[in-house]
2 protein chains.
Amino acid sequence: MFTLAEENYVKNIFHLQQLSPEGVSTNAIAEKLDTKPSSATDMVQKLAEKKVLTYVKYKGATLTEEGRIIAAGIIRKHRLWEVFLVEKLHFQWDEVHEIAEQLEHIQSEALIDRLEAFLGYPSVDPHGDPIPDKTGNFKKTEKKLLSKLREGQKGICVGVKESSSDFLQYLDKRGIAIGTEIVILEKDAFDDSMTISIGQSQHFITKKISENLYMQTVD
Amino acid sequence: MFTLAEENYVKNIFHLQQLSPEGVSTNAIAEKLDTKPSSATDMVQKLAEKKVLTYVKYKGATLTEEGRIIAAGIIRKHRLWEVFLVEKLHFQWDEVHEIAEQLEHIQSEALIDRLEAFLGYPSVDPHGDPIPDKTGNFKKTEKKLLSKLREGQKGICVGVKESSSDFLQYLDKRGIAIGTEIVILEKDAFDDSMTISIGQSQHFITKKISENLYMQTVD
DNA sequence: ATTATTTTTTAGTCTAATCTAAAAATAATT
DNA sequence: AATTATTTTTAGATTAGACTAAAAAATAAT
């Protein structure tokens, strides 16, 4: 069994790994978990002893298969609870995250199985992110246009539809490239324009742009 | 805000207080929480500083009004979640306790309000125990037959169904009268006989007796 | 009323998880 | 290549919560 702190580290290392599969730095972990790098180092060393990740000094951490399954289990719980909160308790999609952050740590296999059945075996959460199955497998979502994503969803840019240099320059100017993570903050129902965030900065995007960017929603 | 450990102490002290309103001993607390008396002393001293209880060395602890409200809030959450688990996820009443022990610590006012509405504002949990309202008040439950109580429940004798002198003498002999507190120690599923405790003494009671005594369950 | 027993508290350790400050390794620049 | 800057790790301290062993208070028994 793992402590709450350990679970949070494993889950966040999993997410960070999507962005840097070669290994996650203790600094990145510390920033994600809002803690100090030295604390992250300590925990990573402990988790390495517990075999949930491999860790090479100064090089970073990588989850083992066991660690990956643990992370998927937590994410599974988080997303199922989010579906419950939105579908059954009628919360807004942007209100559920911090409650699900707590609920994801409830320990009971039976509870999650029954919750999943109660919700009708949903495949995605209210943000459109896939819900892994009991064995920790994420159904790969195929790439889709940025314009198809909804408010609150995030994804990684995996390609462009149009490739004129004007367009590529436009993207470059805003720091959008293959591998860039984009979060949809707002989406206008009338003209399909959207406000997105890339790292720390925010941008306003028209339909013409969002219809030419291929995205993949992340695990 | 209170830690998980603090919440568990407050909740359990509340329950123990029903049985000994003059003050709860650190030994009793330690036993209930499956910890050592010295740990209980430490925590009780800390909680006294936080004003959730008053504590006199060697005499025991008593919740303050603030402490009582905190305890009621936790019990409220526990019991609402139990209703959810039984009514919506179709758990058996005896499977839900340990899951509810975890869920009762989820911090979100909005969550509990919505859960309560979703469940149709139930007044009792699956064990028949009352669910306190948002302000921490327990609605007095109506009287029910002793035979309807389950193992571990306690109540106060509020009347008799049959009033033959034989029966009344039987009760008198065992020290049972209006106002007497009775705890169900054991209940046999086969013949519905039960072992009860009254003050310090224990008695064996047949179904015939338990079906003729009206009880009121306490908080 | 004085012992003996039980209950309760204190004092000192221990572990998990964090922090600060300093040292060591890596990366970037001249 | 040498120096500077950044990243990462180590060492030592801190806090919450629990534990053991011993002391002190309360209760029970002689």
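Predicted model: local features only at pLDDT ≥ 70, side-chain atom pairs only at ≥ 80, totals over all residues.
In chain B, 6 strands build an open sheet in which the pairing is antiparallel and the order is β3-β8-β4-β5-β6-β7. The edges of this sheet are taken by β3 (144-145) and β7 (201-205) of chain B, each of which has a single partner strand, so one side of each is left without a neighbour in the sheet.

**Strand pairs in chain B and chain A**

Strand β6 (residues 194-198) of chain B runs antiparallel to β7(B), and 5 bridges join the two. Within this pair, Met194(B) has Ile205(B) as its bridge partner in β7(B), while Thr195(B) stands opposite Phe204(B), which also belongs to β7(B). The hairpin of β6(B) and β7(B) has 2 residues between the strands, and Gly199(B) takes a positive phi near 60 degrees in this hairpin.

In chain A, strand β4 (residues 154-160) and strand β5 (residues 181-187) run antiparallel and are joined by 3 bridges; here the bridge partner of Ile156(A) in β5(A) is Glu181(A). On to the next pair: β5(A) is joined by 4 bridges to strand β6 (residues 194-198) of chain A, again in an antiparallel arrangement, and Lys187(A) stands opposite Met194(A) of β6(A). The hairpin of β5(A) and β6(A) has 6 residues between the strands, with Asp192(A) at a positive phi near 60 degrees.

**Helix packing**

Helix α1 (residues 4-19) of chain B packs against helix α4 (residues 65-88) of chain B at an angle of about 100 degrees, the axes lying 9 Å apart. Angles of 65 to 115 degrees count as roughly perpendicular, and α1(B) and α4(B) are therefore roughly perpendicular to each other. On the side of α1(B) the contact is made by Glu7(B), Val10(B), Lys11(B) and Phe14(B), and on the side of α4(B) by Gly67(B), Arg68(B), Ile70(B), Ala71(B), Ile74(B) and Ile75(B). Sorted by class, the contact of α1(B) with α4(B) holds 6 nonpolar, 1 polar and 3 charged residues.

In chain A, the axes of α1(A) and helix α4 (residues 65-88) come within 9 Å and cross at roughly 100 degrees, which makes α1(A) roughly perpendicular to α4(A). From α1(A), the residues Glu7(A), Val10(A), Lys11(A) and Phe14(A) meet Gly67(A), Arg68(A), Ile70(A), Ala71(A), Ile74(A) and Ile75(A) of α4(A). The contact of α1(A) with α4(A) divides into 6 nonpolar, 1 polar and 3 charged residues.

**Surfaces near the DNA strands**

DNA strand C is surrounded by 18 residues, of which Thr3(A), Ser25(B), Thr26(B), Asn27(B) and Ser38(B) are the closest. The elements that give two or more residues to the surface near DNA strand C are α1 (4-19) and α3 (37-49) of chain A, together with α2 (26-32) and α3 (37-49) of chain B.

Around DNA strand D there are 18 residues, and those that come nearest are Ser25(A), Thr26(A), Asn27(A), Ser38(A) and Thr3(B). Two or more residues each are given to the surface near DNA strand D by α2 (26-32) and α3 of chain A and by α1 and α3 of chain B.

One residue of helix α3 of chain A is Gln45(A), which is partly exposed because 15 other C-beta atoms lie within 10 Å. The C-alpha atoms of Gln45(A) and Lys139(A) are separated by 31 Å, and these two residues are 94 residues apart along the chain.

**Contact between the chains**

The contact takes 13 residues from chain A and 13 residues from chain B. On the side of chain B that touches chain A, α5 (97-103) and α6 (109-118) of chain B each supply at least two residues, and α6(B) provides the largest share with 4 residues. By class, this side of chain B has 7 nonpolar, 4 polar and 2 charged residues.

How values were computed. Residues numbered from 1 in each chain as written. Chains lettered and ligands numbered in written order. Contact = placed C-beta atoms within 7 Å. Nonpolar A, V, L, I, M, F, W, Y, C, P; charged D, E, K, R; others polar. Axes fitted to C-alpha atoms, helices over the stretch in contact; angles between N-to-C directions. Parallel < 35°, antiparallel > 145°, perpendicular 65-115°, else oblique. Near = placed C-beta within 6 Å. Pairing = 2+ DSSP bridges. Buried ≥ 20, exposed ≤ 12 C-beta atoms within 10 Å, placed from the backbone.
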